[in-house]
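Student: I would like to go through this entry and ask what stands behind each label.

Tutor: Go ahead; the model comes first.

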Amino acid sequence: MSLFVKKSLKQLMADPEEGHGSLKRTLGAGSLIALGIGAIIGAGLFVRTAAAAGAHAGSAVTISFIIAAVGCAFAGLCYAEFASIIPIAGSAYTYAYATMGEIIAWIIGWALVLEYALGAATVSISWSEYANKLLGGRIPFEWCHSPLEKAIIDGVTHQGIINLPALFILLLLSALLIKGTQESATVNAIIVFIKVAIVLVFIAIGWQFINPAHHTPYLIPANAPAATLPDGTLYSYLPFFNHGWGGVLRGAGIVFFAFIGFDAVSTAAQEAKNPKRDMPIGILGSLVVCTILYILFSWVLTGVAPYQDFMHAGKEASVAYAISTYMHGFGWLSTLVTIAILAGFSSVILVMLLGQSRVFYTMSTDGLLPKVFSDLHPKFKTPYKSNMILFVFVGLFAAFLPESIAGDLTSIGTLFAFVVVCVGVMILRKKDPNLKRPFKTPLVPLVPILGILICLAMIGSLALSTQLSALAWMIVGLVIYFTYSKKNSKIGSAGDALPIASDFEKLK
C-alpha cells in the first residue's frame with residue numbers, strides 16, 4: 001500500500017451516509033460564527049496576551065496580534081475554500097487525505113491533537129486559575145497547579161500536586177457534548193454573547209485608565225531591567241526573542257493561540273445545514289470579529305498595567321489583576337470579568353473538545369483509529385465513547401502540565417496544520433483547476449504561500465524545547481501509524497482512491 005494513497009472526493013462525500021450512521025445537520029451560519037467566536041475568545045485573549053507582553057513584546061503585543069491575524073487570515077481563506085468543497089467532519093485531516101495522501105493526513109490528524117486536545121487542556125488550566133480567584137484563593141496552591149509549578153506565598157514555598165478544578169470543568173463539558181451538538185451550540189451562543197459584552201465593557205472603561213507612559217517605549221528595549229518571577233528568580237530581556245522585533249515575533253507565536261478556534265468551525269462541517277455557503281461565513285466572520293477585538297483589548301490592557309507587572313503578578317488572572325490594581329473604583333468589573341472569563345473559557349473548551357472528537361471520528365471511520373472513536377450514541381447521535389476517552393486523555397495534560405507548556409505545544413500543532421492546508425489548496429488548484437468551488441481563495445498561489453511563510457516564521461520563533469517536544473510527539477504518532485493505522489486503513493486496503501478530477505465529474 002502506498003503511503004500517499006488518497007481518499008477520493010467521491011468517498012469523502014459518500015462516507016457520512018455509510019456504515020457508522022451520520023451526524024445531525026443542525027448548525028446555521030449564525031451558529032457557526034458563534035462557534036468560532038466561542039472557540040477563539042478565551043485563554044488566548046485573557047491569558048496569553050499578558051504572557052506575550054510581559055515576557056517578549058511589551059506594549060507592542062498589539063503588533064504581535066496583527067502578525068498572527070495576517071497569518072490566520074491567509075490560512076483562513078484556504079480553510080474556507082476546502083470547507084466549501086468538502087463539507088464533512090475532519091478539518092485539515094480530511095483536506096490532506098484528499099490532496100496529499102494518507103501519511104500526510106495522519107501527521108496532520110496527529111498534529112490536530114496538539115491543537116484541540118492540548119488546547120482544551122490549556123484553557124481548563126486557565127479556568128482553574130480564575131475559578132480560584134473568584135473563590136478568594138480558597139483552593140490550596142497544591143490542588144490547583146501542576147507538579148511542575150511552584151510559588152512562594154507569604155514566604156513559604158508551595159509545590160503543585162494536581163489541578164482538580166481543571167478536571168472538574170472538563171468532566172462537565174464532556175457530559176454536555178455527549179448530550180448533543182445542538183444543545184452544546186445553544187449553550188455556547190449564550191456564553192459568546194456574555195463574554196463579548198464583557199470584553200467591550202473592559203475596552204470602554206479601561207480606555208479611561210490608559211497611562212501613555214506604559215506604551216513608551218513601545219517595543220521592549222534590550223537593556224530593560226530584569227523582571228522578577230513568582231518563584232523569586234530573575235528574567236532577562238537580553239535574548240533576541242525577548243525584546244525588540246524579535247520579541248514581537250515570539251509574541252506573535254504565543255498570542256497565535258488566541259486565534260485558535262476559527263478552524264475548529266470546519267470540523268463541524270458535517271453538522272452544518274448548508275455547509276457550502278455557511279462554512280466560509282463561519283470561518284472568516286469569526287476571525288474578523290475577533291481580530292478587531294484583540295487589537296483594542298491588548299492596547300487597553302498594556303496601557304492600564306505596565307508589561308513588567310505580568311511577569312510577577314496576576315499570572316493567568318492578568319485582566320482581573322489589572323482592573324483591581326489600576327482601575328480603582330471598578331472592583332465590581334473585576335468580579336464581573338472573572339465570571340465572564342470563566343464562562344468564556346468554558347465555551348472554548350467545549351469547542352475544542354467538539355473539534356477533537358470530530359477529527360477522531362473521521363480518522364476512525366477511515367480505519368486509522370479504533371472503531372470506538374466513531375461509535376455514535378444510539379439516541380444523541382454523538383461520538384460519546386470518543387468524548388469519554390478524550391476526557392481521560394485531556395484530563396491528564398490539564399492535571400499535570402502548566403499552562404505555558406501546553407499552550408505553546410497547541411500553537412505549534414495548529415501552525416503546522418495551517419501550513420499543510422495552504423499547501424493543499426495549491427495542490428488541488430493544480431490537479432483540478434476547473435473544480436466547482438463555492439468559495440475560492442483569492443490570489444492563489446500568493447495567499448497560500450504568504451500563509452505558509454508567516455506560519456513557519458511563528459513556528460521558528462517558539463522555544464526550542466517546544467519544537468523538540470512537538471517533534472517527539474510526531475515520532476510517537478508515526479510509530480502508531482506504522483504499527484496500527486497503516487494495517488487497518490480502509491482506503492489503503494481497498495486500493496480504490498480515484499483521481500480527484502474524475503470524482504467531481506461524477507458528483508456534478
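Student: How many contacts beyond four places in sequence does the model have for residues 16-21, and where does pLDDT stay there?

Tutor: This is a predicted model. Over residues 16-21 pLDDT stays under 50, and the model has 13 contacts beyond four places in sequence for them. Residues 496-508 also stay under 50, with 27 such contacts. Where pLDDT is low, the predicted coordinates should not be read in detail. For the protein chain, the mean pLDDT is 81, and 84% of residues reach 70 or more.

Student: Why are H6 and H7 called oblique to each other?

Tutor: The axes of H6 (residues 102-134) and H7 (residues 164-179) cross at roughly 120 degrees and come within 8 Å. Roughly perpendicular covers 65 to 115 degrees, and roughly antiparallel needs over 145. The pair therefore counts as oblique. The crossing of H6 and H7 is right-handed.

Student: What makes up the contact of H6 with H7, by class?

Tutor: From H6 come Ala-120, Ser-124, Ile-125, Trp-127 and Ser-128, which meet Pro-165, Ala-166, Phe-168, Ile-169 and Leu-170 in H7. By class, that gives 8 nonpolar, 2 polar and no charged residues.

Student: How do you know that S1 and S2 pair, and which way do they run?

Tutor: Pairing needs at least two bridges. Strand S1 (residues 150-153) and strand S2 (residues 156-159) are joined by 4 bridges and run antiparallel. Ile-153 stands opposite Val-156 in S2.

Student: Which residue takes a positive phi in the hairpin of S1 and S2?

Tutor: Asp-154 does, with phi near 55 degrees; the hairpin has 2 residues between the strands.

Note on methods
Residues numbered from 1 in each chain as written. Predicted model: local features only at pLDDT ≥ 70, side-chain atom pairs only at ≥ 80, totals over all residues. Heavy atoms only, no water. pLDDT = per-residue confidence, 0-100. Contact = heavy atoms within 4.5 Å. Axes fitted to C-alpha atoms, helices over the stretch in contact; angles between N-to-C directions. Parallel < 35°, antiparallel > 145°, perpendicular 65-115°, else oblique. Left-handed = near helix turned anticlockwise from the far one by under 90°. Nonpolar A, V, L, I, M, F, W, Y, C, P; charged D, E, K, R; others polar.
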